[in-house]
Amino acid sequence: MGVALDVPLGDGVFDYKSSDPVELGVRVIVTFGRRKMIGVVVSRQDKPRIDPEQVREIEEVLSDIAPLPADWLRMAQFAAGYYQRPLGEVMLPSLPAPLRKVSAYQGKASRGGPVARMRKQRSPAPLPDLTPDQIPTLNTEQSGAVDQIVACNSHQTFLLHGVTGSGKTEVYLHSALHYLAGGKQVLFMVPEINLTPQFEQVLRARLVHQGGEDVLAVLHSGLSDGQRLREWLRVSTGQARVLLGTRLSIFTPMPHLGLIIVDEEHDASYKQQDGLRYSARDLAVWRGHDRNIPVVLGSATPSLESWHHAQKQRYTCLSLRQRARDVTLPHIRLVDTRRLELQQGFSPQLLEAMGKRLDAKEQVLVFLNRRGYAPVLSCTSCGWVSQCPRCTAYTILHRSGSAARHHHLQCHHCGYHARVPEKCPDCGDADLRPMGRGTQRLEEYLGECFPAARIARIDADSTRLKGSAQKLFAKVHAGEIDILVGTQMVAKGHDFARLGLVGVLNADAMLFAQDFRAPERLFAQLMQVAGRAGRHVAGGEVIVQTDYPEQPVYQALLHHDYTGFARHSLQERESVGLPPFAFQALLTAEAKTIAKALSFLEEAKSVAQNQFSAYMDMAVTFYDPVPLRVVRVAHVERAQLLVESTSRPVLQAFLSAWNPQLGPLANQLRVRCTLEVDPLEI
């Protein structure tokens, strides 16, 4: 029988034998090489693919959980085929860690296995008695959207396009309650771990009286192994009927799944960036189709791929054009900074507007997508800049407290840390100065400008400790913060009741990025962060500082015109044959030298053109191999080769033929390679 193992060889399925029949989807312990591993039985065959004398026996059949269901196996097999990865690399990493560790089942500490150990532990304390929130009355648009979703008794993908603050969450909740009443389970996906606490609170308050205290399970990377196993078991056995999770939750078995909701469907966080490079949003649509159930994709700024599907009527578009509360969309003002003298990045207009809002006891959000104190440290005498010794990137200056000895330089690519030099390493001058601004520097300057204001910074540095982000956001919601300085962590999903003003700094950096998706990302980011303003208070305002106010991205933002932006962007993409009008795969090579990486890519391209020339005639196009923008990370140099086709089936057929040739070629040339389907960053 075929057993899928988490090893990067072939299709990841290996032959083993058993004297007793074993069901598909059952986990087993086998010996692979010299080590023991847990695998999943995925096939039965009469004849092994290798010499029968070499086929080993299955060592132990694990029966502490039910066999993984057929629909879960189908999704894993689809993901492995589509994303060109071995089946075991899809299946095993998606399971809770204790269910895939041999040490959890064998040895003195195993005590009957992780499931048995967990059942012996004390039950968690009962949840506090929650009273349902006051249920808002749905407006006409919300009611219409809910009616269409709950009337669906087969597969249909709905694109819920609603302006920020239009009440998409209420549409989700009312739809979920309908399916729960019918005995179904609901999968509710959010893009980031930081959004789970507020959604968990809302879901518990609104659903606990419908389904009891066990109605909700939560899965994300912040849980311990034991917590994740407990939640996974509750969902996979049908005990928990609502699963709130980040992207990995798409792989959770749900026997009674009736509805899938993907909030902020445009968010790049739904795309895994290592290992199996899957899109959780796209797998959600596939899973809905496979299970014949509805899928709701929600966003104020849908991805252009989803919007294109809706325009072609592959998805059903549900529009929410007005805010749920009786407050208008925030007024957006562009401040032309070309002739202004900025103070630490702030225009006089923004500082004045901040003062007025603070006087009115309203909160202010300052958005800058750059953490740290300053992008680089430089020498004013010789021009030295703080370069990372392991990467072709600069180290970022970070400050810890007021004492200089606590400051450090950090590379955001490889994690390299170094003390700040007392003098220039090249010329010896002690006059080293920070260039540019990060969130730490803004926080420091605002403290000088508004000494009475309570200021908090929310970025990857300030929220490193477990639970720290939740505590900071709780302070903002409780009104204990006057000025919030943040990166993209604060841009989406959060509902700040007293926030009256949003100021955006340094947005222009994304206008001229090499990636063709940069304008789309910038527009979505600005629309999302602008949508935090004025959700509960009238007269919300957004000030965007820019040197290029005439750019189409800013003009569309000025009028809250997603539809116009999407139309213009899709026309541009179609004219030059970019997604969603073409389909792409990206082969990335990593080696000791860039020459080696490029040589491998040239060889891989040559193999494709010589051995699979028929696909070239079927509209598969190769670009030239090129170094990545940040060529070297942690002493490893990187290059990439883009493959494109106007036909998804043709591209998939080609990749299936080409991919098996890449591993042996990479081993021969001593290069690491990764093939990514539907890449988001090029």
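In which sense do strand 3 and strand 6 pair, and over how many bridges? Strand 3 (residues 27-32) and strand 6 pair in the antiparallel sense over three bridges, where pairing requires that DSSP finds at least two bridges between two strands. One of the residues involved is Ile-29, whose bridge partner in strand 6 is Glu-60. Helices (H or I, at least four residues) and strands (E, at least two) are DSSP runs, numbered from the N terminus.

The model is predicted, so local features need pLDDT of at least 70 and side-chain atom pairs count only at pLDDT 80 or more, while totals for chains, interfaces and linings use all residues. Residues are numbered from 1 along each chain as its sequence is written, and side-chain values use heavy atoms, with hydrogens and water left out. For the protein chain, the mean pLDDT (the predictor's confidence in each residue, from 0 to 100) is 89, and 93% of its residues reach 70 or more. Confidence is highest in helix 8, at 98, and lowest in strand 20 (residues 432-435), at a mean of 78.

Next come the helix pairs. Helix 1 (residues 70-82) packs against helix 8 (residues 280-291) at an angle of about 135 degrees, with the axes 11 Å apart; axes are lines fitted to C-alpha atoms, for helices over the stretch in contact, and angles run from 0 to 180 degrees between N-to-C directions. Helix 1 and helix 8 are therefore oblique to each other, given that angles under 35 degrees count as roughly parallel, over 145 as roughly antiparallel, 65 to 115 as roughly perpendicular and the rest as oblique. In the contact (heavy atoms within 4.5 Å), Asp-71, Arg-74, Met-75, Phe-78 and Ala-79 of helix 1 meet Leu-283, Trp-286, Arg-287, Asp-290 and Arg-291 of helix 8.

Another pair is formed by helix 13 (residues 518-530) and helix 15 (residues 562-576), packed at an angle of about 170 degrees with their axes 11 Å apart. That makes helix 13 roughly antiparallel to helix 15. Here Pro-519, Glu-520, Phe-523 and Met-527 of helix 13 meet Tyr-562, Phe-565 and Arg-573 of helix 15.

Finally, the axes of helix 4 (residues 140-150) and helix 5 (residues 168-181) come within 9 Å and cross at roughly 35 degrees. Residues in this contact include Ala-145 and Ile-149 of helix 4 and His-174 and Tyr-179 of helix 5.
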